[in-house]
Amino acid sequence: MNIEFAPLSLPLQRRLQTASVVQWVFSFLGLAQCCIALFIGLLFTRFWLLSALYAAWWLTDREAPSRGGRRIQLLRNSVVWRYMRDYFPVTLVKTAELDPRQNYLMGFHPHGVLAVGAFLNFCTEASGFSTLFPGITPHLMMLSLWFRVPFLRDYLMGGGLVSSDKESASHVLQRPGGGNLLTIIVGGAQEALDAQPGSCTLLLKNRKGFVRVAIEHGTPLVPAFSFGENDLFDQVSNPKGSWLRRIQHRLQQVMGISLPLFHARGIFQYSFGLVPYRRPICTVVGKPIPVQKKHKPSEEEVDRVHQKYLEELCKLFEEHKAKYNIPEDSHLEFI
């Protein structure tokens with residue numbers, strides 16, 4: 001007997017979509033504190049042994065985030081991510097094939113406030129990454145700081161996140177047999193401070209470390225631009241030179257993470273809150289840029305490949321911007 005389930009009504013679908021986004025945003029903002037509190041709190045209960053055993057295992061497993069992580073397909077395929085995808089919605093566009101016999105290094109732009117497009121496209125299967133790029137395993141780099149939080153580190157690795165250090169990058173790019181895609185949000189936490197709706201400013205002019213890593217491993221570079229990434233939140237005005245920007249920059253230097261003062265809509269109203277706006281995100285993946293391997297590339301060689309990368313990223317943006325309602329006179333600006 002075949003049992004058919006009635007499709008969900010549109011209002012219920014929208015509630016589930018909103019709920020999925022709410023849980024992700026607030027887990028992103030508060031999950032680290034909750035995990036730390038749980039780990040410490042258990043030590044003062046009769047379940048103290050759980051924290052003690054976890055601490056012992058954590059010590060032996062401390063190198064995992066720099067060794068490719070430990071993905072969990074059940075987590076990546078959760079229905080929650082599909083509801084979150086449909087909330088905006090988020091789509092992933094392929095413009096060229098990726099050979100599964102090679103490893104690749106992808107630059108993702110822009111960071112946005114919370115890097116929603118990067119997370120959904122490369123840490124989940126909500127946008128169909130494995131279908132678009134068969135034989136390719138995605139890895140997304142994240143600040144090493146987050147992998148020092150108990151329990152949270154395992155959740156992050158389950159989605160395919162790895163620590164953002166050179167050792168971690170080398171481990172993924174050196175894997176024999178190919179089929180690995182390492183994604184770096186090149187602008188990083190500092191770029192989040194410029195994540196204003198309509199902004200086309202990228203912190204990339206002097207960011208060349210990822211290019212050097214690609215040359216040292218002979219790994220093709222893949223540019224990717226996420227249209228709409230900067231449009232999900234409004235941010236309190238913080239122009240360069242303002243007192244707020246100076247404070248944010250100082251905190252970013254001390255803590256390693258930026259603290260943009262963002263806001264959007266609420267859960268039950270649309271005036272003010274921390275829930276992102278329902279605005280589409282489309283991540284367009286460009287064609288690979290061949291890179292010749294050299295163990296110790298010179299500054300001139302790095303600059304040459306970096307300039308080629310900038311040109312290909314600009315070309316990708318210009319070719320697709322009209323499809324995503326970007327004004328004709330808007331162009332990428334590198335700082």
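Q: Is Arg-76 buried or exposed, and what is its relative accessible area?
A: The model is a predicted one, and the state of a residue is read from its relative accessible area, where buried means under 20%. Arg-76 falls under that cut-off and is therefore buried, with a relative accessible area of 1%.

Q: Which residue meets the side chain of Arg-76 in a salt bridge, and how many residues apart in sequence are the parts that the pair ties together?
A: The side chains of Arg-76 and Glu-125 meet in a salt bridge, at 3.1 Å from N to O. Arg-76 belongs to helix H3 (residues 73-76), whereas Glu-125 sits in the loop between H5 and helix H6 (129-132), so the pair ties together parts of the chain that are 49 residues apart in sequence. Glu-125 is also buried, at a relative accessible area of 16%. The partner asked for is Glu-125, and the separation is 49 residues.

Q: Where do Glu-312 and Lys-308 lie?
A: The side chains of Glu-312 and Lys-308 meet in a salt bridge of 3.2 Å, N to O. Glu-312 counts as buried at 12% relative accessibility, while Lys-308 is partly exposed, with a relative accessible area of 36%. The two residues are four apart, about one turn of the helix, and both lie in helix H12 (residues 299-320).

Q: Which element gives the largest share of the lining of the largest pocket?
A: The largest pocket has a volume of about 1,300 Å³, and of the 49 residues that line this pocket, the closest to its centre are His-111, Met-142, Leu-143, Trp-146 and Ala-189. By class, the lining has 34 nonpolar, 11 polar and four charged residues. Several elements each supply at least two lining residues, among them helix H5 (116-122), strand S3 (137-142) and helix H10 (209-217). The largest share, eight residues, comes from H1.

Q: Which helix gives the largest share of the nonpolar patch?
A: Ile-36, Ile-40, Leu-43, Phe-44, Trp-48, Leu-49 and Leu-53 make a nonpolar surface patch of about 730 Å². The elements that give two or more residues to this patch are helix H1 (10-42) and helix H2 (48-60). The largest share, three residues, comes from H2.

Definitions and conventions. Residues numbered from 1 in each chain as written. Predicted model: local features only at pLDDT ≥ 70, side-chain atom pairs only at ≥ 80, totals over all residues. Heavy atoms only, no water. Patch = residues over 30% accessible without salt bridge, like charges linked within 9 Å, V, L, I, M, F, W, Y side chains within 5 Å. Areas by Shrake-Rupley, 256 points an atom, 1.4 Å probe, with all protein chains shown as cover. Salt bridge = Lys/Arg side-chain N within 4 Å of Asp/Glu carboxyl O. 1 Å grid on protein atoms, 1.4 Å probe; cavity = no way out; pocket = protein on both sides within 12 Å on 5 of 7 lines; lining within 4 Å. Points joined across faces, edges and corners; volume = space filled by probe spheres on them. Nonpolar A, V, L, I, M, F, W, Y, C, P; charged D, E, K, R; others polar. Buried < 20%, exposed > 50% of the residue type's maximum accessible area, 1.4 Å probe, protein only.
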